[in-house]
Amino acid sequence: MTLEIVSSNKSCGGWHKRYRHRSSTLNCDMVFAVYLPPQAEQGAKLPVLYWLSGLTCTDENFMQKAGVQKLAAELGLVIVAPDTSPRGAEVPGDPDGAWDFGLGAGFYVNATQEPWARHYRMHDYVVHELPALIEANFPVSDRRGISGHSMGGHGALVCALRNPGRYRSLSAFAPISNPSNCPWGEKALGRYLGEDRSRWREWDACALLAEATEQLPILVDQGDRDDFLVNQLKPEALQAAAKAAGHPLTLRLQPGYDHSYYFIASFIDDHLRHHAAALRNA
């Protein structure tokens, strides 16, 4: 598969690069970002942390705003950030032009309903196609961690819980914890998967925790001044589901923090260390 370089910037002794490629899973061109720490030039096979961003974001938001590169360079972590949805003139967006569905809002599911099913298969892209591409073209191992924010936090939880053994570490910032029971999730799951709510369970972290065969420890940070906390994110549902399943979850409610990248930048180092500890010992 051909990779086209979009941009390349030196950062903290390593390189932040953006690439374009043709995705057979999404049937469109996709752009992803990768941070390669200095150790990547020394021949080592490095672990990878996949970061999934939230609604309206692209691969650029996290890499530009979170300040992840310095500690990633110290820890020897490769960071990969895909886009949040398929893109291109051939890809349908929200018919009403809304920002919370369609372009920039792939929700990390495999759509089954038309006209979305041909392109909106972000779960398979993130879990299978993109890692295969990364592992074939960069000095990385198959030691994978996954994290994300908001819609991307939901994506990280679902990708790990649906695919035991695929990832060795898991965390999230302000995830949409119970998408079957919030406006963003009901809109996305209803359109991508259809109105049969029983089909939504396999894309809802709270439902998946009850059936999890692997108990990967989860770190979640959530700001208590987040405008979406009560109606959209519902961390208490995730906490209850984890408790009922006996699944290890560290949920930290951070006083005064909102939903922004100021919040993510404040606690990203803790998450990087959480992942590095698991990936180094794997």
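1. Some ground rules. This is a predicted model, so to speak of local features we need pLDDT of at least 70, side-chain atom pairs count only at pLDDT 80 or more, and totals for chains, interfaces and linings use all residues. Residues are numbered from 1 along each chain as its sequence is written, and side-chain values use heavy atoms, with hydrogens and water left out.

2. Overall build. The protein chain has nine helices and nine strands (DSSP runs numbered from the N terminus: H or I of at least four residues for helices, E of at least two for strands). Its radius of gyration is 17 Å, close to the 19 Å from the globule rule for 282 residues, so the chain is as compact as a globular protein of that length. That radius is taken over C-alpha atoms, and the rule is 2.2 Å times the number of residues to the power 0.38. Along its principal axes, the C-alpha trace spans about 50 × 40 × 35 Å.

3. Of the 282 residues, 58% are buried; buried means under 20% relative accessible area, exposed over 50%, and partly exposed in between (1.4 Å probe, protein chains only). The chain exposes about 11,100 Å², with carbon and sulfur atoms supplying 47% of it (Shrake-Rupley method, 1.4 Å probe; for residues, only the protein chains shown count as cover).

4. The core. Do look at the largest nonpolar core, which has 90 residues; F62, I79, I146 and Y192 have the most contacts inside it. Such a core is a set of buried Ala, Val, Leu, Ile, Met, Phe, Trp, Tyr and Cys residues joined through side-chain atoms within 4.5 Å. Helix α9 (residues 261-280) gives the largest share, eight residues. Leaving aside neighbours within four places in sequence, I79 is in contact (heavy atoms within 4.5 Å) with residues including A33, Y35, F62, M63 and L272.

5. Is A276 buried or exposed? A276, which is found in helix α9, is buried, with a relative accessible area of 4%. Beyond its neighbours within four places in sequence, A276 is in contact with L75 and L77. Y262 and G67 are 195 residues apart in sequence and 10.0 Å apart in space, C-alpha to C-alpha.
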